[in-house]
Amino acid sequence: MSKTVVALHEMRSPLPIPAARAGLHAALADTRGRALRDLRISVTDRCNFRCVYCMPREVFDADYAFLPHEQLLSFEEIVRLARVFRAQGMEKVRLTGGEPLLRKDIDRLVAMLREALPGVDLTLTTNGSALRAHARALAAAGLDRLTVSLDSLDEATFRAMNDADFPVAKVLGAIDAAAAAGLAPIKVNMVVKRGVNDHQVVDMARHFRGSGHIVRFIEYMDVGSTNGWRMDDVVPSAEVVRRIGERFPLEPVDAGYSGEVAERWRYADGSGEIGVISSVTRAFCATCTRARLSTDGQLYTCLFAQRGYDLKSLVRRGASDEELAQAIRGIWQGRADRYSEIRTAATAASRKVEMSFIGG
Ligand code: SAM
């Protein structure tokens, strides 16, 4: 695993302790004035798919060393850290991975977070493979919303992209099951890679038009260091919007809230909306309010980070909530990340943490 974890005891707190204490509930901002609003929690580094752009089979093969169970944050540790993040202004939690529905008793974690974090927007991103079986329990546990990844409606294309021979129909069935369980409208993530699935963009829009669900077309990114990313593989969101708009006229919609990652467009005939996420061609670093907690409890302040901060060791060494809060504040206040603004072919080739580990 390509990561350098910085032990917190080696870091110097930028705040004297009394100021940190006094500021516990004050607005927290990084070096660019960005608040900490969203927390993505990777609950497992394992996945049953081998999406070619995320966990290519040549790397994540039978010999790949996934984390042993004792290194994973327990549910109690996750909930405790989430509470501390909440006290720093965090408003939204997304459970992800790896494939979060592979984590045993994930519904119980959702229920625990729901109870501990009233008012927090609680969401989850899944490949949908196990969603049919979990949908009702997730809804009953208090999950607010759901994102399902689906890269193509074309059987051969989808199976080639997930590289696990998983059929489209099962994901579509799972989306229906989740909607029936009360989790609609559902966001459907499609990563668009040129020459691989971009011929499916209009079909995808057509399929979900009028369903109430929202397809979000994501630019293929250079996360991690295993997917062999090249700029030529990226289909700019502007092209996606143009292609869909030529078939189904679109008009822009104002952002739902400040810092919204997806740029929203609605069908002029009122049959719903789509989103485009342009991390490569229109970087949104300036409004990025996301922190990421990896499967083994490292805090990452950017999806493209090369290092994390070891919160798990602090927790397991018996740190108090106040000490955890102080550590998180210190890390966030020192945050200067703006990777997508400075991306070049050279940075793309640098070693970064894998998305399956840090959480997508
Ligand atoms: N297993 C779950 C899933 O498939 O949704 C959650 C984890 S997955 C890493 C989260 C999201 O990241 C998925 O929608 C996936 O398509 C997206 N993703 C992974 N690698 C990506 C890349 N290189 N560029 C853009 N999106 C990517």
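1. The crossing of helices H7 and H8 is right-handed, a crossing being called left-handed if the near helix is turned anticlockwise from the far one by less than a right angle, and right-handed if clockwise. Helix H7 covers residues 201-208 and helix H8 residues 237-247, and the two pack at an angle of about 55° with their axes 9 Å apart. H7 is therefore oblique to H8; angles under 35 degrees count as roughly parallel, over 145 as roughly antiparallel, 65 to 115 as roughly perpendicular, and the rest as oblique. Axes here are lines fitted to C-alpha atoms, for helices over the stretch in contact, with angles running from 0 to 180 degrees between N-to-C directions.

2. This is a predicted model, in which local features need pLDDT of at least 70 and side-chain atom pairs count only at pLDDT 80 or more, while totals for chains, interfaces and linings use all residues. Residues are numbered from 1 along each chain as its sequence is written, and side-chain values use heavy atoms, with hydrogens and water left out. Helices (H or I, at least four residues) and strands (E, at least two) are DSSP runs numbered from the N terminus.

3. Two further helix pairs deserve a look. The axes of H2 (residues 75-87) and H10 (residues 321-333) come within 10 Å and cross at roughly 60°, which makes H2 oblique to H10, and H2 passes H10 in a right-handed crossing. For H4 (residues 131-141) and H6 (residues 168-183), the axes come within 8 Å and cross at roughly 15°, so H4 and H6 are roughly parallel to each other; H4 also passes H6 in a right-handed crossing.

4. Pro185 sits in the loop between H6 and E6, and the peptide bond from Ala184 to Pro185 is cis, with omega near -5°. Most residues other than glycine have a negative phi, and most peptide bonds are trans.

5. Around the ligand there are 20 residues, of which Tyr53, Gly98, Glu99, Ser149 and Met221 come nearest; a residue counts as near if one of its heavy atoms lies within 4 Å. The residues of this shell divide into eight nonpolar, ten polar and two charged, where Ala, Val, Leu, Ile, Met, Phe, Trp, Tyr, Cys and Pro count as nonpolar, Asp, Glu, Lys and Arg as charged, and the others, Gly among them, as polar.

6. A polar backbone atom of Gly98 is 2.9 Å from a nitrogen atom of the ligand, and a polar side-chain atom of Asn227 lies 3.4 Å from a ligand nitrogen atom.

Technical notes
Polar contact = N/O pair within 3.5 Å; in protein donor to acceptor, adjacent residues only side chain to side chain.
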